[in-house]
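Let's take a walk through this structure together, one feature at a time. Keep the 3D view open and follow along.

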Amino acid sequence: MRVLLIPLLLSALAPVAVAAAPRPLLRICTGAKGGGYHHVGVGLAKALADTVEVEVIQTHGSWENLEAIDQEPRRCDAVIAQEDAYALYQFEKPESRLTMDRMVTLYAEAVHLICNRTVQADDVAGLHPQRHRILVNQYGSGTYITWRLFGRLDPSFARYKASELPLEEGLLKVVDGVEAQCMVMVSQPGQGTARLADRGFGDKLKLLTIDAEALHAKVGRDRRPVYRTQPVDPQTYPRLLDKPRATQVVDAVFFASPQWKARHPDAAAALARALLTLVAELRTR
């Protein structure tokens, strides 16, 4: 009998394996695959792999992201959105009780007004509302949102006939110059489709000035401007520009749900550390 008790006793004294606690889930709504917002989400997922389970959700952009974190059930715990999208969302949905913690500005995006060289104008004020058709990206995109808010802040922008079309198709039509003469795109300077427009079609296209004091009005619940004027250097677009031209810039911002942060304080601290490193890297590029 004593022989039988010894294995049982040793078994009772053996250390018990403790299952690792599950990592908190963080769902980040970003944008289209390959875009700047999606790259940020993927970067955060890699940086947080040991402590937080990050799900990077592809979307159509800022507007969908705000709806995803506002509506129940929530699809996202954090979003990346243009700052003007948040302001317009408050205009369009005054009944919304959306609250988000603004964690950090990721980078500035420029508003590009690219026109066919047959257009006899150097700035947006020189465009003719009837003769010049302007294309913007599809509903919910950052470009769509920016042009919509421009029209709210300065009625002169609302005079122009603007049509929605996917970015690449819109660029083709503006290069052609028959059905549309100009397009608006919001992106980091020198990146993506704007860079393609310069390198591939700079002989047919040019960049126009966008500068209007009304665009600097204070908006949103915070009552502060979301746009600021900034010159575009010809070195960024050597074929689209022959001299510096002013345009408007808007910040891309990382927002997080305060409820998620309160439920997962350690994960929120890890997220803040990862964002700090990521933004420092973005600033040195």
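Start with a pair of side chains: E179 and K173 meet in a salt bridge, 2.8 Å from N to O. The term stands for a side-chain nitrogen of Lys or Arg within 4 Å of a carboxyl oxygen of Asp or Glu. Both partners are partly exposed, E179 with a relative accessible area of 47% and K173 with 24%. (Buried means under 20% relative accessible area, exposed over 50%, and partly exposed in between, with a 1.4 Å probe and protein chains only.)

Before going on, a word on what you're looking at: this is a predicted model, where local features need pLDDT of at least 70, side-chain atom pairs count only at pLDDT 80 or more, and totals for chains, interfaces and linings use all residues. Residues are numbered from 1 along each chain as its sequence is written, and side-chain values use heavy atoms, with hydrogens and water left out.

How many salt bridges does the structure hold? There are eleven. One of them joins R75 to E64, with the closest N and O atoms 3.3 Å apart. This pair links distant parts of the chain, eleven residues apart: E64 sits in helix α3 (62-70), and R75 in the loop between α3 and β3 (78-82). Helices (H or I, at least four residues) and strands (E, at least two) are DSSP runs, numbered from the N terminus. R75 counts as partly exposed, at 38% relative accessibility. The loop between α3 and β3 also holds P73, and the peptide bond from E72 to P73 is cis, with omega near -5°. For background, most peptide bonds are trans.

Another salt bridge runs from R239 to D203, their closest N and O atoms being 3.9 Å apart. Here the partners are 36 residues apart, with R239 in the loop between β9 (228-232) and β10 (245-256), and D203 in the loop between α7 (192-201) and β8 (205-208). R239, at 36% relative accessibility, is partly exposed. Elsewhere, E83, R102 and R224 are linked in a network of salt bridges.

Now for helix α7 itself. Its buried residues are T193, A194, A197 and D198. They lie on the same side of α7, because they cover an arc of only 145° around the axis, taken from the directions from the helix axis to the C-beta atoms. Turned away from that buried side is a face with the exposed residues G192 and R199.

Next, the pockets. On a 1 Å grid over the protein atoms alone, a pocket is an open set of points where a 1.4 Å probe fits, with protein on both sides within 12 Å along at least five of seven lines; lining residues have an atom within 4 Å of a point. The largest pocket has about 1,300 Å³ of space, a volume being the space filled by probe spheres set on the points, which are joined across faces, edges and corners. Its lining takes in 45 residues, with G35, G36, Y37, E109 and S187 nearest the centre. Which element gives the largest share of that lining? Helix α2 (36-47) does, with six residues.

The second largest pocket has a volume of about 230 Å³. Among its 15 lining residues, E83, Y86, Q90, R221 and D222 lie nearest the centre. Helix α4 (residues 83-92) gives the most to this lining, with four residues.
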